[in-house]
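Please look over the structure below before reading on. This briefing goes through its layout topic by topic.

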Amino acid sequence: MHGNDSSKLTVAVIGAGVVGLSTALWLQREGCDVTLIDPTPPLPGVSFRNAASFGNASTIAPSGIFPSASPGILGDVPGMLLRRDGPLTLYWRDLLDLAPWLTAFLSASLRSRQDGIISALGSLMRVLEEGNGPLMDEAGDVRFVKGKGSIHLYRTEQEAARAKKSNERRRDEGVEARYLSRADIAGMEPNLAPGYVGGTIFPGCYIIDSPEAYCRALAANIIKRGGRFVQAKAGTIETQTDGIRVEAGAESVVAQRLVVCAGAWSRAISRQIGDRLNLNTERGYHVAFEQSQGLINHPLMYVSDAFFLTPLLHQIRAAGTVDLGGLDKKPNASRLNVLEEKARRMVPALGAREDTWMGFRPSTPDSMPFLGPSRKDPRIIYACGHGHLGLTLGGITGKLVSEILTGKKTSVDISPFSPSRALFRLS
Ligand SMILES: Cc1cc2nc3c(=O)[nH]c(=O)nc-3n(C[C@H](O)[C@H](O)[C@H](O)COP(=O)(O)OP(=O)(O)OC[C@H]3O[C@@H](n4cnc5c(N)ncnc54)[C@H](O)[C@@H]3O)c2cc1C
């Protein structure tokens, strides 16, 4: 690949989900010549349903600074797995393949590891809008519902007490969190079932309506700025002295730099490069209900159920749950039924089920993205593994990649996100 202007740095980006698109746009803003490679990019006439960025819970969530691997999780997992309506599914025959990820996940749950992870994620959240803002300003008709916040709900005093403690830690990281009483919740969400003893509102959280439309707007802007899409799967990757060659269908793309943003599929790509990222997928689902304006006013999450019910313009979407099912299995229909049952338990007046979807979260064991150079070749940058937070972190990730590749000082210290970091640690 050579741009029209030979003085421009040429960059190939593998993957056109929200992370790859945001990265491409930031690189263009910094004067790079960008080619995106993806078999199903969000271009007119192409289905984008395969990407996690298509059907997520649509929230920008600066509150999400706690890793999934929390202290005590090991004790909670058996209960989660045994309950038909638990928030987690595991397939026993996959255990061997999952072992490296699960052991690193348990190691991340050690109390001694928590503070470092929370501070590192907090450092990204502090500068979130520096990354998202400029991209969203150019997103045309896409609706952003800002200023209302999202709400976490608790059913027991124990859950509420635990949350109050977590919120103190959030405030240390600059995340605004206000406690809500039972009466506050009833006033703000009159259609919510009774039984919630309290909640927290996070005023800095907001909705992107819809993530698919947002990705399509980003893709259109990339083309407007002179970027190119190659609609093919990235195959063989060769590092050469004059650049990096990526086989993409009938084309051979050569660029001076390569960024790997292929979400959950980045693990296979990293193996080909020789890096072997410890990345897995947490499959997640959504069930969409017909829109009923005003039925709920905020994204709502009952913390123990681990899904959001989000009011979008054209639908109300329940999105979440964790299914460690890999990249090849069919969707698990019972997960969808459980999600629907739980959403209806939360808001009994929900309308008809309209649509369902399954997506592949790209998840690292410690809930921190991989962001930084390959061990094999520093001209290759990884920007993947955003787990539950890729929509939130897409913009700042793109900005950081553009800073790395143009030799600028990065907006935050990226060393905690190094793709080469030790994931299995005992302290
Ligand atoms: C149910 C659910 C709810 C969620 N809710 C939220 C939320 O509210 N807020 C939030 O911030 N995050 C949320 N997330 C997480 C978020 O959706 C993901 O972290 C994010 O979409 C990941 O983006 P990505 O660009 O890394 O990957 P993806 O969006 O999956 O994109 C990867 C792209 O790579 C392409 N690709 C794959 N292999 C190749 C190859 N060999 N060559 C070229 N291209 C390839 C794919 O076609 C795809 O387009 C949720 C996720 C799920 C599943």
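Two strands pair if DSSP finds at least two bridges between them. Helices (H or I, at least four residues) and strands (E, at least two) are DSSP runs, numbered from the N terminus. This is a predicted model, in which local features need pLDDT of at least 70 and side-chain atom pairs count only at pLDDT 80 or more, while totals for chains, interfaces and linings use all residues. Residues are numbered from 1 along each chain as its sequence is written.

**Overall form**

- The protein has 11 helices and 21 strands.
- Its radius of gyration is 21 Å, close to the 22 Å that the globule rule gives for 427 residues, so the protein is as compact as a globular protein of that length.
- The radius of gyration is taken over C-alpha atoms, and the globule rule is 2.2 Å times the number of residues to the power 0.38.
- Along the principal axes, the C-alpha atoms fill a box of roughly 65 × 50 × 40 Å.

- Strands of a sheet pair through backbone hydrogen bonds, either parallel or antiparallel.
- Axes are lines fitted to C-alpha atoms, for helices over the stretch in contact, and angles run from 0 to 180 degrees between N-to-C directions.
- Within the sheet, β14 (residues 257–260) and β21 (residues 380–384) run parallel and are joined by 3 bridges.
- V259 stands opposite I381 in β21.
- Two residues are in contact if their C-beta atoms, placed from the backbone, lie within 7 Å.

**Helices α5 and α11**

- The axes of α5 (residues 128–137) and α11 (residues 390–405) come within 7 Å and cross at roughly 95°.
- α5 and α11 are therefore roughly perpendicular to each other.
- Angles under 35 degrees count as roughly parallel, over 145 as roughly antiparallel, 65 to 115 as roughly perpendicular and the rest as oblique.
- On the α5 side the contact is made by L128, E130, G131, N132 and L135, and on the α11 side by T392, G395, I396, T397, G398 and K399.
- The residues of this contact divide into 3 nonpolar, 6 polar and 2 charged.
- In these classes, Ala, Val, Leu, Ile, Met, Phe, Trp, Tyr, Cys and Pro count as nonpolar, Asp, Glu, Lys and Arg as charged, and the others, Gly among them, as polar.

**Around the ligand**

- Of the 46 residues around the ligand, G17, N56, G263, G284 and G390 come nearest.
- A residue is near a molecule or strand if its C-beta atom, placed from the backbone, lies within 6 Å of it.
- α1, β15 (280–290), β18 (315–324), β19 (353–363) and α11 each supply at least two residues of the shell.
- β19 gives the most, with 4 residues.
- By class, the shell has 24 nonpolar, 19 polar and 3 charged residues.

**The sheet of 3 strands**

- A further open sheet has 3 strands in the order β3-β9-β5, with antiparallel pairing.
- β3 (59–60) and β5 (143–145) stand at the edges with a single partner strand each, so one side of each is left without a neighbour in the sheet.
- β3 is joined to β9 (residues 206–209) by 2 bridges, and the two run antiparallel.
- The bridge partner of I60 in β9 is Y206.

**Hairpins**

- β11 (residues 234–240) and β12 (residues 243–248) pair in the antiparallel sense over 5 bridges, and they form a hairpin with 2 residues between them.
- I237 has V246 in β12 as its bridge partner.
- β12 also pairs with β13 (residues 251–255), in the antiparallel sense and over 5 bridges.
- V246 stands opposite V253 in β13.
- The hairpin of β12 and β13 has 2 residues between the strands, and G249 in this hairpin takes a positive phi near 60°.

**Backbone details in loops**

- The peptide bond from D209 to S210 is cis, with omega near 0°, and S210 is found in the loop between β9 and α8 (211–224).
- R276 lies in the loop between α9 (266–273) and β15, and its phi is near 50°, a positive value in a residue other than glycine.
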